[in-house]
Amino acid sequence: MNPAARGQLLILVSVAASLLLIGVYLAAGGSSYEPAKTQDPCKHRPWRNPEGLQEIIQQFTLSALDGAACELGVSRETLAQALATPESRERFTRRYGIGDAELARAIRAGLVRAVDDAEAAGALSPLVAGPLRSTLREIPLERAIELINDAESIFEQAQSFLGPAQSLLEQFLP
Amino acid sequence: MSAAPKPRVAALVLAVGLVLADSSIVVLALPEIYRELDTSVAGVTWVLVSFNLVMALAAVPAAHLARRVGPGRTAAVGLAVFAGAGLACGAADQLGTLVAARCVQAVGGAAAVTAVLELLPATVGSEQRAAGLWAVAGATGAALGPAIGGLLTELVSWQSIFLVQVPIALAAAVPILAVARHEAATGVLSAELRRTGRPHVSANLALAMVSAAIAGALFLLVLLLIEGWRLSPIGAAIVVSAMPLAALAGTRLGDWVPSARARAAAGAIFVSGGLGGLALLPKATVALTLPPQIMVGVGLALVLSALTETALAGRAPQAIHGGWTISARHAGVVIGLLAVTPIFTHDIAEQRKDAIDAGTAVILDSRVPPLTKIGLAQKIESRLEEERGKVPTIGSAFEPLPEDPEERDQVVQLREELQDQLDRAATHAFSPSFAIAALIGLLALLPIGLARRVEL
């Protein structure tokens, strides 16, 4: 092979190798290998298999976070991080310029949306959902944060919210 | 000349390799220096930038000095300064001291490297062979630098990188001293002082651009491996040794193609293709970095030697034109580092936020019991606080694992999903910078295309 042809061949090989490498990596998902995107909290997310108390509690918490995040105009994940500790909450309210009253309103709205979703999914009877909604609309901020972090207590201590409906609880919770 | 040619050739080649390895040798030590000297990513970059910047500025004046006072004396004094500054680098306990010592090291290095090019033709018997040896020694040094630096950092300390260079530089200076003594005794310079011709603009411009791309490749890959994927320096050194090994193969390939322009073009395409592959990694797996690294290694061996030979071919004096190539290469390294550093530091911060959000989504959607989730979220939050500004490690937040087998499986799965999100974020954070480096490498094809056809 003459020297000029060798040079041309080398350039061809370099182009082919580059295109092959880039093509293979693209085909293997190289252009989309990035962290999962967060979803819009205002969009309704159907509950998955709402069977069993633990699963209902999980779904309830997620719905409550979605509802509150939608009210505040942030992602569910940002709100969950904010509510993890008092310090993270303070950072969040300072960063987004949100007062305690606004945060409380949003979390209450989130809890009420969770009750709506639970009711729609058949996880909560309308008889329980009604008084629960009324109670949640009035609870103080600290208690609301506690509930969004630990929805189990809503179901375990439902009698304290439900008052006269407590005797019906066991019948209406799955 | 009293020294036997072989030891002197070895010493001259060693001097070039040693000094040019120094432009990249600290790359793998940067994370260690970053932690130990308690500085920022942008700050620690100056350990690299300062050396390359001063090399770029000092190379041509150093070459003129070598022509005036004698290349033997200049090379010997340059190596002595390089060694002394290496000692100061090894003893530095502050970033400012380290950067200042690196600047002095670069002055000594510039003097040694350019003077060696003036000494080599007389030692090996031909200007063309001298230029080829000088170019290969430089490319090999630059390619080997990170792996050697990584090994020393892990096995000894980052300081040892500089301390080890001291005896090597002095050993390389010994055979050169004979020439220096001869110059001092006779007052005759090794080459006749001739009028300096114009530097080869397009070859030097292409050298600068390709060097910018290669610097970006080395610097970014090392940071990705150590800071992003949490490999140890020795682990990263083993991984990046694929590049110099491939460079050796590239040197052989170069011997088969006489056209310097074809080698330069193919080399630039290989480098850009490899960088394109690094920008599109489909998974955070070391094995997937190997094909791109091989391409970058082959490419750098082809393009650096071809462009250096082109820049030197038929031009006199060699030291001055060698000085221009050194200046172009190191200016390119500085441009590459300064171009990609702000981009990837910004992208790391962005990806860190995205990773935390994606990780939170994984925790929220997992089947782990709510109270376990809250505990985990709080531990992860405190890990994030501890490692503010870095890609966090989250493994310890999951210890101890729950005793209940079902819950333990759920937590282990959650940990894997979280780690996947972090890996995705860390890898993705480097993609735009790799892509920019690839583009710079491709742009080098313009001056290569414009270069006068010089068949060597």
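**Note on a predicted two-chain helical model**

1. With 31 C-beta neighbours inside 10 Å, Leu207(B) counts as buried, since the cut-off for a buried residue is 20 or more such neighbours. Leu207(B) belongs to helix α8 of chain B, which covers residues 201-228.

2. The surroundings of Leu207(B) may be listed by residue. When neighbours within four places in sequence are set aside, Leu207(B) is in contact with Leu307(B), Thr308(B), Ala311(B), Thr325(B), Ala328(B), Arg329(B) and Gly332(B).

3. Chain B as a whole is described next. The chain holds 16 helices and zero strands. Chain B has 456 residues, of which 62% count as buried. Among contacts in chain B with a separation of 6 or more, 86% join residues 24 or more positions apart.

4. Chain A also lacks strands: it has 10 helices and zero strands, and its pattern along the sequence reads α-α-α-α-α-α-α-α-α-α. Of the 174 residues in chain A, 39% are buried. Residues 24 or more positions apart make up 69% of the chain A contacts that have a separation of 6 or more.

5. Which residues touch the most other members of the largest nonpolar core? They are Ala15(B), Val116(B), Val210(B), Ala213(B), Leu220(B) and Val222(B), in a core of 186 residues. Helix α8(B) gives the most to this core, contributing 21 residues. Apart from this core lies another, of 33 residues, including Ile56(A), Ile57(A), Ala68(A) and Ala123(A). As general background, nonpolar side chains tend to be buried together in soluble globular proteins.

6. Leu220(B), one of the core residues named above, deserves a separate entry. Leaving aside residues within four places in sequence, its contacts are Val340(B), Phe344(B), Phe430(B), Ser433(B), Phe434(B) and Ala437(B).

7. Two helices of chain B, α13 (residues 318-365) and α15 (residues 405-443), have axes that come within 8 Å and cross at roughly 155 degrees. Angles over 145 degrees count as roughly antiparallel, and α13(B) and α15(B) are therefore roughly antiparallel to each other. The crossing in which α13(B) passes α15(B) is right-handed. By class, the contact of α13(B) with α15(B) has 20 nonpolar, six polar and four charged residues.

8. Left-handed or right-handed, how is the crossing of α11(B) and α12(B) to be described? The crossing of this pair is left-handed. The contact between α11(B) and α12(B) comprises 18 nonpolar, seven polar and two charged residues.

9. The contact between the two chains takes 42 residues from chain B and 42 residues from chain A. On the side of chain B that touches chain A, at least two residues each come from α11 (260-279), α12 (290-312), α13, α14 (370-386) and α15. Helix α11(B) gives the most to that side, with 10 residues. The residues of this side of chain B divide into 25 nonpolar, 11 polar and six charged.

10. One residue of chain A illustrates the contact between the chains. Ile11(A) lies in helix α1 of chain A, residues 3-27. With 22 other C-beta atoms within 10 Å, Ile11(A) is buried. Not counting residues up to four places away in sequence, Ile11(A) touches Ala262(B), Ala265(B), Ala266(B) and Ile269(B).

11. A final point concerns the backbone. Most residues other than glycine have a negative phi. Arg230(B) is not a glycine, yet its phi is positive, at about 65 degrees. Arg230(B) is found in the loop of chain B between α8 and α9 (233-240). With 16 C-beta neighbours inside 10 Å, Arg230(B) counts as partly exposed.

Note on methods:
Residues numbered from 1 in each chain as written. Chains lettered and ligands numbered in written order. Predicted model: local features only at pLDDT ≥ 70, side-chain atom pairs only at ≥ 80, totals over all residues. Axes fitted to C-alpha atoms, helices over the stretch in contact; angles between N-to-C directions. Helix = DSSP H or I, 4+ residues; strand = E, 2+ residues; numbered from the N terminus. Parallel < 35°, antiparallel > 145°, perpendicular 65-115°, else oblique. Left-handed = near helix turned anticlockwise from the far one by under 90°. Nonpolar A, V, L, I, M, F, W, Y, C, P; charged D, E, K, R; others polar. Buried ≥ 20, exposed ≤ 12 C-beta atoms within 10 Å, placed from the backbone. Contact = placed C-beta atoms within 7 Å. Core = buried A, V, L, I, M, F, W, Y, C linked by C-beta atoms within 7 Å.
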